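Please examine the sequence and the structure shown below. The report that follows considers selected features one at a time.

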Amino acid sequence: MNDQTHVDPDPEETKEWLDALTSVLETQGVQRVQYLLQKLSVKLTETGTQLPYAITTPYRNTIPVHQEARMPGDLFMERSIRSLIRWNAMAMVMRANLKDGTLGGHISTFQSSATLYDVGFNYFFRANTAEAMGDLLYIQGHSAPGIYARSFLEGRFSEAQLDLFRQEVEGNGLSSYPHPWLMPDYWQFPTVSMGLGPLQAIYQAHIMKYLGNRELAPPGDRKVWCFVGDGEMDEPESLGAISLAGREKLDNLIFVVNCNLQRLDGPVRGNGKIIQELEGVFRGAGWNVIKVIWGRQWDSLFENDRSGLLQQRMDEAVDGDYQNYKSHDGAYVREHFFGAYPELTEMVAHLTDEQIFRLNRGGHDPYKVYAAYASAVGHKGQPTVILAKTVKGYGLGLAGEAQNFTHSVKKLDTEALRVFRDRFDIPISNKELESIPYYRPAENSNEIRYLKECRAKLGGPIPSRVNEFDGLAIPGLEIFESITRGSGGREISTTMAFVRILSALIKDDQVGHRVVPIVPDEARTFGMEGMFRQLGIYSSVGQLYEPVDTGQIMAYREDEHGQVMEEGINEGGAFAAWLAAATAYSNHSSTLIPFYIFYSMFGFQRIGDLCWAAGDLRARGFLLGGTSGRTTLNGEGLQHQDGQSHILAGTIPNCISYDPAYAYELAVIVQHGMQVMYVDKEAKYFYITVTNENYVQPEMPEACQSGIIKGMYQVKKKASSSGKKAVQLLGSGAILREVLAAAELLQKRYGIDADVWSVTSFNELKRDGDDVDRWNRLHPEVKPRRTYLQECLAESSDPVIAASDYLKLYADQIRSQISSSYTVLGTDGFGRSDTRAKLRSFFEVDRYFITLASLDALARENVIDVSVVKTALSELGIDPDKSNPVST
Ligand SMILES: Cc1ncc(C[n+]2csc(CCOP(=O)(O)OP(=O)(O)O)c2C)c(N)n1
Ligand SMILES: [Mg+2]
């Protein structure tokens with residue numbers, strides 16, 4: 001129930017209290033008021049009385065009129081420019097869809113947020129200059145047409161290019177949404193997958209502070225602006241990290257929530273108020289909240305609202321009502337909003353219906369938006385969220401203004417076009433209207449000059465992405481010598497080897513300080529706790545307490561200059577931190593080498609959409625899928641045991657993934673990855689699985705490096721080069737050792753020879769295969785090329801057997817490249833906890849099943865008798881009636 005609907009039993013007393021409050025405020029200031037209120041609150045708590053829930057404020061603008069910073073520019077000029085942007089944004093969507101009705105696009109979103117962007121572009125968003133890097137903008141993905149339309153007025157795109165909106169295949173087109181992959185000099189951040197923008201923005205601001213504290217980039221006063229829809233705020237990713245921003249006091253971060261009260265299907269909170277709900281949530285998370293609800297036409301009404309009835313009515317009405325008002329006309333608003341109380345009807349009696357309809361919302365009033373932005377950029381010690389109330393489809397009238405269907409409107413009929421043109425005073429004649437021409441005033445017109453001057457003052461046009469960057473002087477493989485010479489009889493896991501690789505890299509004079517280790521509360525799982533004390537865990541406030549383990553080698557040391565990012569149990573957030581670090585080469589002119597290590601099951605599977613965005617973003621860095629392998633992580637059971645992350649990684653075109661078996665393979669891959677990303681500057685990132693199975697890590701053999709990188713190399717040669725009783729065995733990751741054991745078993749017990757290959761990446765072999773295949777198909781007249789795998793297996797017609805700790809599909813991908821028979825073993829099915837040996841038997845990837853598969857393949861080719869296979873089943877202890885792990 002709304003408190004304000006209470007009848008006041010003692011108005012006299014209320015007045016005395018309020019007068020006292022006003023007097024203290026006027027004479028002693030806001031801090032004294034806060035102090036007194038806090039004292040009252042403490043007193044009440046002592047008596048056991050609960051204060052009413054008061055985290056939200058009344059439904060009105062946070063900044064009172066007298067505190068509004070005044071917008072300095074030419075309001076009318078800016079309106080004309082904005083109107084042209086509105087028109088061109090609408091025109092580009094319509095023209096594309098008239099050409100081909102399947103292309104799609106959005107009109108209504110940008111029409112609701114045009115003022116929010118415009119004020120920012122005219123006064124606040126700074127571009128990169130020679131002196132300093134500018135602000136970072138996360139733009140609502142489906143408002144892209146409006147951003148293109150502004151760039152068109154700025155002369156950055158031609159009409160011909162606008163006409164290529166959503167037509168990118170032949171080059172030079174404008175991408176449907178912000179995609180750095182498709183427009184690498186323009187778009188900085190992919191945002192259209194709802195929720196990824198806000199999450200990325202928070203961690204961008206966080207990393208920006210980290211870079212400043214570590215002196216990897218000048219601290220400066222750059223801002224991260226994140227534009228987001230009110231419907232989009234329902235995504236867990238949108239709200240999931242806001243408490244980090246509050247806790248870390250990210251005053252370099254500003255969210256602008258475009259509260260048009262609608263999402264795709266209908267109202268965001270028809271029965272409530274999205275602005276009030278978000279106010280409470282953000283304030284609770286420690287944010288500075290600025291509500292921009294009403295435009296200045298309301299100011300005088302508010303001034304006359306002595307009884308508070310107007311405020312009460314505003315608090316009463318729900319978003320469904322507010323949407324309805326804007327979908328009708330002034331008469332409707334008069335009847336249904338003001339008409340609820342005779343005093344309010346009276347209050348607007350002097351206004352025409354037209355004037356009532358023009359009582360605008362805050363997000364459409366440049367003055368109010370300017371005041372909010374000015375206050376936000378000056379606010380210290382907290383991130384700011386601006387909750388701006390707007391109208392979805394603003395200006396579309398009956399064609400979609402505040403209508404439930406407006407999100408998908410792509411066309412206006414001639415009448416609607418005419419109304420739109422008239423509303424925004426676009427100088428296009430009735431005759432021209434049908435062809436929906438773009439409109440750009442002459443280069444020397446006042447509008448274009450004004451627009452350009454605004455941007456010149458802020459450093460130039462944006463969006464603009466820096467694609468060039470300084471490479472790094474990366475070390476050679478020799479810095480990992482302690483790894484490549486083997487573990488000398490000690491049993492260590494590839495995870496342990498990774499930690500040593502990381503430590504060696506961090507000690508490197510050239511790039512050590514550029515390494516960013518990131519963990520989501522799993523450092524101990526991966527044996528990285530030694531880094532806590534050695535490198536420090538980044539904390540913006542240092543360490544305010546004496547850690548429980550002070551004095552120990554592994555003490556938990558938090559430090560303002562800490563190098564390790566410990567992001568807590570938050571894989572999405574930790575990944576977003578990695579994304580910001582992995583793109584710092586572009587956004588901060590500071591090339592970093594981030595390593596994010598996590599439970600591999602909680603990587604691509606859990607936060608796959610961010611991994612996809614990383615590809616789009618041209619992220620450069622390493623992802624380490626720890627504790628990987630469905631049978632290798634044995635005790636954790638069904639939810640943890642990863643058999644699919646490589647399949648998922650393989651779906652991202654520029655993600656290069658490896659499943660190394662040995663520590664030296666890992667060293668080669670990491671060194672190669674650095675070469676590719678930071679020297680050759682390819683827009684790729686690396687996913688590497690590491691496991692927690694301990695075994696002796698052999699010394700790196702001769703001439704294996706190129707094979708490791710391409711995806712396979714030989715680790716054991718057949719005893720004899722002739723003889724039909726032989727197989728080719730492929731093993732990946734931890735299962736390679738089972739394959740080697742099978743080779744021995746085959747030799748000793750069945751007299752069968754085997755070549756054994758360590759396959760570091762079935763994904764890379766598959767890509768090479770597809771590439772060669774395609775080339776051959778397109779060049780039928782020349783000698784077909786061979787794939788790398790075909791070159792490796794060229795001399796052999798032996799059956800090939802592959803085994804990995806992943807789904808069969810992983811190894812199966814290379815089937816078309818193998819001309820002999822090909823058998824794949826893998827770990828399809830749900831994991832479960834048990835010993836490694838039992839799990840490998842259960843999933844049929846152990847040495848015995850590999851042996852059986854080899855014998856079976858040879859029997860099918862009549863190289864050995866089928867009776868051998870039958871006997872082998874019992875010799876190997878395999879029950880032919882064993883249940884299938886896939887369905888068990
Ligand atoms: C993860 C995800 N789910 C669904 C969509 C499809 N989608 C695009 S825009 C949209 C509605 C957005 O509403 P809102 O955030 O309020 O933005 P508005 O257009 O109202 O400004 C939806 C559901 C998407 N892009 N991403
Ligand atoms: Mg919305």
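I818 is located in the loop that joins α33 (808-812) and β20 (822-825). The model described here is a predicted one. Is I818 buried or exposed? I818 has a relative accessible area of 11%, and because the limit for a buried residue is under 20%, I818 counts as buried. Neighbours within four places in sequence aside, I818 is in contact with L789 and V800. Between I818 and R32 there are 786 residues along the chain, and their C-alpha atoms are separated by 80 Å.

**Two helices**

Helix α2, which covers residues 30-46, consists of 17 residues. From the first C-alpha of α2 to the last, the helix reaches 24 Å, close to the 24 Å expected at 1.5 Å a residue. After α2 comes G48, a residue with a positive phi, near 85 degrees.

In helix α13 (residues 319-327), the buried residues are D319, Y322, Q323, Y325, K326 and S327. An α-helix has 3.6 residues a turn, so residues three or four places apart point the same way. Which elements do the buried residues of α13 pack against? Their partners are the helices α10 (274-284), α12 (309-316), α14 (330-336) and α16 (353-357), together with the strand β5 (384-389).

**Nonpolar cores**

The largest nonpolar core contains 93 residues, and the members that touch the most others are I202, F338 and W578. Helix α7 (residues 196-213) gives the most to this core, namely 10 residues. Apart from this core lies another, of 84 residues, including L472, M677, M700 and A857.

With neighbours within four places in sequence left aside, the contacts of W578 are I518, P594, F595, Y596, A614, A619, G621, F622, L623 and Y685.

**Ligand 1**

Ligand 1 is surrounded by 18 residues, of which T109, H142, G231, E232 and K392 are the closest.

| Residue | Protein atom | Atom of ligand 1 | Distance |
|---|---|---|---|
| H142 | polar side-chain atom | oxygen | 2.8 Å |
| M194 | backbone N or O atom | nitrogen | 3.0 Å |
| N258 | side-chain N or O atom | oxygen | 3.4 Å |

How much of the area that ligand 1 exposes when taken alone does the protein bury? Taken alone, ligand 1 exposes 590 Å², and the protein buries 74% of that area.

Conventions: Residues numbered from 1 in each chain as written. Chains lettered and ligands numbered in written order. Predicted model: local features only at pLDDT ≥ 70, side-chain atom pairs only at ≥ 80, totals over all residues. Heavy atoms only, no water. Helix = DSSP H or I, 4+ residues; strand = E, 2+ residues; numbered from the N terminus. Expected span 1.5 Å × (residues − 1). Core = buried A, V, L, I, M, F, W, Y, C linked by side-chain atoms within 4.5 Å. Buried < 20%, exposed > 50% of the residue type's maximum accessible area, 1.4 Å probe, protein only. Contact = heavy atoms within 4.5 Å. Near = heavy atom within 4 Å. Polar contact = N/O pair within 3.5 Å; in protein donor to acceptor, adjacent residues only side chain to side chain. Areas by Shrake-Rupley, 256 points an atom, 1.4 Å probe, with all protein chains shown as cover.
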